[in-house]
Amino acid sequence: MNNINIIADLTETEKEDVLDKMFDSVEETIVIPTTIGDSVTLPSTGFYDSTITWKSSVADVISNTGVVVAPTDGDVEVDLTYTINVMGKTRQNTIVVTVLQ
């Protein structure tokens, strides 16, 4: 029996609990330094065949793929927002990083 059949038999509350645990497991693997001086690897996949997409609040300093262009006018604070997609459901969170000059 595969995981989808097992999940289909759960109540809605049980399904939400399982999905929360799945999201938590994926999130635990997302480890990004809070101070960045060089390009960083932003994970794009995770457990449970999940996908992770990224959005940078200052894309000319750190791109949505983690490529860093050092700022010239001092350190810059950037919000890196990730969206995890597991089984068609999504969870979003933000990591605040400082990109060094």
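**Ground rules.** Residues count from 1 along each chain as its sequence is written, and side-chain values use heavy atoms, without hydrogens or water. As the model is predicted, local features need pLDDT of at least 70 and side-chain atom pairs pLDDT 80 or more, while totals for chains, interfaces and linings use all residues.

**Entry 1: helix α2.** I took helices (H or I, at least four residues) and strands (E, at least two) as DSSP runs, numbered from the N terminus. I looked up α2 and found 17 residues. From first C-alpha to last, α2 reaches 24 Å, close to the expected 24 Å (1.5 Å times one less than the number of residues).

Which residues of α2 are buried? I noted L19, M22, F23, V26 and E27. Buried means under 20% relative accessible area, exposed over 50%, and partly exposed in between, with a 1.4 Å probe and protein chains only. Down the axis of α2, the buried residues fall within an arc of 135°, so they line one face of the helix. The arc uses directions from the helix axis to the C-beta atoms. An α-helix has 3.6 residues a turn, so residues three or four places apart point the same way.

I then checked the face turned away from the buried side. It carries the exposed residues T13, K21 and E28. The cover over the buried residues of α2 includes β3, β4 and β5.

**Entry 2: the core.** A nonpolar core is a set of buried Ala, Val, Leu, Ile, Met, Phe, Trp, Tyr and Cys residues joined through side-chain atoms within 4.5 Å. The largest one here has 22 residues. I30, I32, W54, I62, L80, I84 and V97 touch the most other members. Elements giving two or more residues are α2, β3, β4 and β5. β4 gives the most, with 5 residues.

Beyond four places in sequence, I84 touches residues including F23, V26, I52 and R91.

**Entry 3: T81.** I found T81 in strand β4, residues 76–86. Is T81 buried or exposed? T81 is buried, at 18% relative accessible area. A polar contact of 3.0 Å joins its side chain to that of T94. Such a contact is a pair of N or O atoms within 3.5 Å; within protein, one must be able to donate a hydrogen and the other to accept it, and residues adjacent in sequence count only if both atoms are side-chain atoms.

**Entry 4: P71.** P71 sits in the loop between β3 and β4. I read 10% relative accessible area, so P71 is buried.

Note on methods. Contact = heavy atoms within 4.5 Å.
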